[in-house]
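I opened my notebook to look through one protein model. My plan was to go feature by feature and write down what I found.

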Amino acid sequence: MNEIRPIEAELSTLGALASMEQKLVWLASWMIHNANHLRPNRDGLKVGGHQASCASAASIMTALYFDILRPYDRVAVKPHAGPVLHAINYLFGRQTVEQMAGLRQMGGAQAYPSRAKDGEEIDFSTGSVGLGVALTSFASLMQDYVRAHGFVDPAAPRARHVAIAGDAELDEGNIYEALLEGWKHDVRDVWWVVDYNRQSLDSVMPDRLFGRFEGLFRDMGWKVISLKYGKRLEAAFARPGGSSLRGWVDDCPNSIYSALTFQGGAAWRQAILADMAKSRGVRAIIDPLSDTELASLMSNLAGHDLATLTEVFRAATKTDQPTCFLAYTIKGMGLPFAGHKDNHAGMMTVEQMDAFRTQLNIRPGHEWDRWEGLAQPKAVERFVETVPFAAKLTPHGRRLAAATVPVPATLPQPKITGRRMSTQGGFGEILSEIGRAKGDSAALSKRIVTMSPDVAVSTNLGPWINRRGVFDRHTRDDVFRDGKLASAQRWGTSPSGQHIELGIAEQNLFLLLGAAGLSHDLLGARVLPIGTVYDPFVNRGHDALFYACYQDARFLLVGTPSGITLAPEGGQHQSTNTPALGIVQDRLASFEPAYCDELAILLRHAFDWMQRPEGSAVWLRLSTQVLMQTERELNPAHVIAGAHWVVPPAPGAGIAIAYQGAVAAEAEKAHAELLEDEPGTGLLAITSPDRLYAGWRAAQRARRLGEAAASCHIETLLAPLARNAAIVTVLDGHPAAHAWLGAVRGQRAMALGPDHFGQSGDITDLYHAYEIDASAILDACAEALLVR
Ligand SMILES: Cc1ncc(C[n+]2csc(CCOP(=O)(O)OP(=O)(O)O)c2C)c(N)n1
Ligand SMILES: [Mg+2]
């Protein structure tokens with residue numbers, strides 16, 4: 001957008017697109033300007049915004065949204081072009097001035113597109129760079145999945161999944177993990193349009209990087225389209241002497257090109273003549289041009305050339321091959337800091353903004369008016385109404401409806417009581433039983449889709465996969481099965497399979513869980529995604545997990561095995577921080593059952609909870625620790641609320657032992673011994689410090705808001721204990737997860753659990769070393785009783 005293009009009487013598509021582009025740069029700049037200069041600032045903090053990043057992507061987004069995209073396509077917009085997306089929605093009549101004027105303010109439009117906070121018009125949230133880009137590939141894989149399983153109308157057109165990416169996003173490793181995984185799954189209908197301005201936050205990028213990108217993408221089966229020069233530069237290059245000029249620009253280092261763009265026509269002329277003064281052809285091209293015209297010509301990159309962009313995008317719609325467009329752009333195009341290396345957070349001054357307003361014929365006081373400043377506002381308005389993306393996907397927005405999957409009152413399950421089993425073993429067996437269902441009772445099992453980053457077998461998904469198969473768009477032979485070679489894994493691979501096997505890259509697991517967990521909204525098909533991973537390696541993908549939760553994706557994460565109960569494995573494999581992570585992660589309800597009867601209740605709850613509007617994703621932390629499973633009556637509501645008394649305390653009891661997960665047997669042993677001296681001692685099973693804590697917070701808030709009778713599950717549970725009672729807690733995880741329990745009723749919590757990296761050893765040694773065995777629990781009880 002380096003000049004205002006005249007619009008002829010008969011409005012051409014390109015003319016109308018130029019008007020759109022002009023409005024997008026203006027509105028995005030104005031939104032940011034308004035937030036920083038025209039609103040009262042109460043705290044003196046910089047509000048911020050990215051006018052240069054927006055201007056960089058405006059032409060690409062104009063071509064996509066006002067020419068190419070169809071309503072059912074899905075788009076992840078680079079975070080720093082969020083205001084451009086708000087402006088696009090505004091021009092389509094789907095965004096309000098109030099929201100835009102409230103950019104970055106409480107309740108206003110978000111800095112970076114947010115599904116949860118900006119609402120129906122946003123397909124994918126972005127912010128943590130790289131993740132939104134990769135998510136489109138997994139969303140496309142899920143489209144293949146739901147279509148292959150007949151969950152959507154086969155006649156419905158296939159969506160294209162488009163990412164508008166900043167070039168620095170390509171530095172994120174998760175991009176390449178996703179590319180490799182996408183290649184394995186033969187993904188299609190994915191476009192990544194790279195806003196190739198060769199600038200990141202700090203600096204101008206190394207030269208010739210594009211060659212690396214091209215090679216990498218091609219190796220992964222992608223089509224790569226380089227969009228380098230616009231029509232005017234191409235025309236200049238075609239003239240006599242033009243090839244020298246092209247060679248000169250081709251060889252111009254990124255940093256010099258950026259600096260010249262910032263400096264303008266005179267600097268361009270000087271630099272070109274310094275190298276090519278003797279070339280008559282080159283002189284014939286540049287000499288007749290004014291400085292302004294020369295600057296405009298030299299910055300005529302394809303990423304700002306609407307004719308090139310629309311032509312190339314239109315041609316690319318003819319194939320479903322994943323395609324990467326390297327669209328050369330200028331960061332800050334058309335704005336005073338265009339090309340300056342420090343322009344990432346740069347902002348126009350009040351004077352510069354005023355000049356920009358005048359240049360665009362926008363009257364003071366009319367800055368937000370939709371078609372203000374355009375030569376043919378009515379014609380432009382009519383044009384916008386006719387573009388494909390103007391059609392509404394649903395009457396209310398871009399979220400599709402999907403019926404919920406009925407969850408039976410109890411899940412089919414194997415006989416559990418009387419056996420020695422671990423929760424991980426129980427999980428595998430229950431899932432396998434669910435997978436056995438046929439006919440009408442198979443409604444639930446049909447919708448389950450499992451996924452795992454190369455740990456399906458070691459997290460006990462094997463029996464489920466044997467029943468339901470591995471998903472692939474193409475049927476592939478199982479050489480071992482067909483050759484009758486003995487193997488416990490009989491993994492047929494076909495479009496009807498229900499397990500998606502991933503390579504060992506945990507971020508991909510969470511991105512796929514995120515995509516699958518949005519299928520109801522994005523694809524109109526409800527699936528129940530279950531992802532398994534070794535609990536410590538949740539940390540490896542935590543940003544992607546956080547990201548999936550931020551989008552409000554719905555899935556079940558199973559972290560297993562967990563804790564130092566992986567005794568021989570050493571500190572890298574032993575998760576201690578995950579119980580605390582489960583408490584602090586929003587939109588993720590975390591549980592850790594000790595026994596399989598609790599697990600069955602929680603698994604059923606997970607299928608239900610992840611489908612409820614008020615629900616969330618669910619995380620189960622499981623273990624390979626084997627425990628004797630006894631017959632008992634459980635109150636499911638208590639297991640789900642986070643704790644239940646295994647042995648209720650006597651009224652006024654001075655001490656209780658509370659345990660979570662795999663250390664149950666140690667707590668039971670300590671409790672049995674303590675009963676001899678302290679007969680009223682209670683034994684509490686904690687199934688979710690996360691739910692207990694959330695309930696406590698909610699009750700406190702409700703009381704503050706005047707609901708005096710409000711209370712919560714943990715308050716009720718602890719009420720029978722004496723006011724100064726001690727609660728000795730133990731888990732195979734960081735004790736901070738329980739340390740707050742004493743504050744609930746002003747009692748004394750003594751929390752036990754490993755707070756250092758684990759060691760190798762056997763259970764006896766490690767439980768002793770980390771003070772979570774029965775004797776350590778008894779020692780803590782003795783200490784607590786001493787200071788009564
Ligand atoms: C994971 C992550 N790390 C760091 C940042 C901070 N950050 C925001 S934008 C940016 C550079 C963006 O450069 P690019 O992707 O090229 O975008 P553009 O040039 O179009 O603004 C960085 C480092 C972030 N948003 N996310
Ligand atoms: Mg960039």
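This is a predicted model: local features need pLDDT of at least 70, side-chain atom pairs count only at pLDDT 80 or more; totals for chains, interfaces and linings use all residues.

**Entry 1: a pair of helices.** I noted that Tyr257, Leu260, Thr261 and Gln263 in H11 meet Gly265, Ala267, Trp268 and Ala271 in H12. I sorted these contact residues by class and got five nonpolar, three polar and no charged. Next I looked up the axes. Those of H11 (residues 254-263) and H12 (residues 265-276) come within 6 Å. They cross at roughly 135°. H11 and H12 are therefore oblique to each other, because the roughly antiparallel class needs an angle over 145 degrees.

**Entry 2: another pair of helices.** How do H6 and H24 lie, parallel or perpendicular to each other? I found that the axes of H6 (residues 131-148) and H24 (residues 542-550) cross at roughly 75°. The two helices are therefore roughly perpendicular. Their axes come within 11 Å. On the H6 side I listed Leu131, Gly132 and Leu135. They meet Asp543, Ala544 and Tyr547 in H24. By class, this contact has four nonpolar, one polar and one charged residues.

**Entry 3: the magnesium ion.** Which protein residues are donors of the magnesium ion (ligand 2)? I wrote down Asp167 (OD), Asn197 (OD1) and Gln199 (O). These donors lie 1.9 to 2.2 Å from the ion. Along the chain they follow the spacing D-x29-N-x1-Q. Asn197 has a relative accessible area of 5%, so it is buried. Gln199 is buried too, with a relative accessible area of 2%.

**Entry 4: aromatic rings.** I searched the whole structure and got 22 aromatic pairs. I looked up Phe66 and Phe92, whose ring centres are 4.9 Å apart. Their planes stand at 15°, so the pair is stacked. Phe66 lies in helix H2 (residues 51-68). Phe92 lies in the loop between helix H3 (82-91) and helix H4 (97-101). The pair therefore ties together parts that are 26 residues apart in sequence. Phe66 has 1% relative accessibility, so it counts as buried. Phe92, at 13%, counts as buried as well.

I also looked up Phe217 and Trp222. Their ring centres are 5.4 Å apart. The planes are at 70°, so this pair is edge-to-face. Phe217 is buried at 1% relative accessibility. Trp222 is buried with a relative accessible area of 4%. I noted one aromatic cluster as well, formed by Trp26, Trp30, Phe356 and Trp368.

Entry 5: Which peptide bond is cis, with omega near -10°? I found the bond from Thr560 to Pro561. Pro561 sits in the loop between strand S12 (556-559) and helix H25 (578-584).

Then I checked phi. Asp189 is not a glycine, yet its phi is positive, near 55°. I placed Asp189 in the loop between helix H7 (173-184) and strand S3 (190-196). Is Asp189 buried or exposed? Its relative accessible area is 7%, so Asp189 is buried. Arg587 also has a positive phi, of about 55°, although it is not a glycine. Arg587 is found in the loop between H25 and strand S13 (588-591). At 34% relative accessibility, Arg587 counts as partly exposed.

Definitions and conventions: Residues are numbered from 1 along each chain as its sequence is written. Chains are lettered from A and ligands numbered from 1 in the order in which they are written. Side-chain values use heavy atoms; hydrogens and water are left out. Axes are lines fitted to C-alpha atoms, for helices over the stretch in contact, and angles run from 0 to 180 degrees between N-to-C directions. Helices (H or I, at least four residues) and strands (E, at least two) are DSSP runs, numbered from the N terminus. Angles under 35 degrees count as roughly parallel, over 145 as roughly antiparallel, 65 to 115 as roughly perpendicular and the rest as oblique. Contact means heavy atoms within 4.5 Å. Ala, Val, Leu, Ile, Met, Phe, Trp, Tyr, Cys and Pro count as nonpolar, Asp, Glu, Lys and Arg as charged, and the others, Gly among them, as polar. Donors are N, O and S atoms within 2.8 Å of the metal (3.2 Å for Na, K and Ca); water is not among the atoms, so sites may look incomplete. Buried means under 20% relative accessible area, exposed over 50%, partly exposed in between (1.4 Å probe, protein chains only). Rings of Phe, Tyr and Trp (its six-membered ring) pair if their centres lie within 6.5 Å; planes under 30 degrees apart count as stacked, over 60 as edge-to-face and the rest as tilted.
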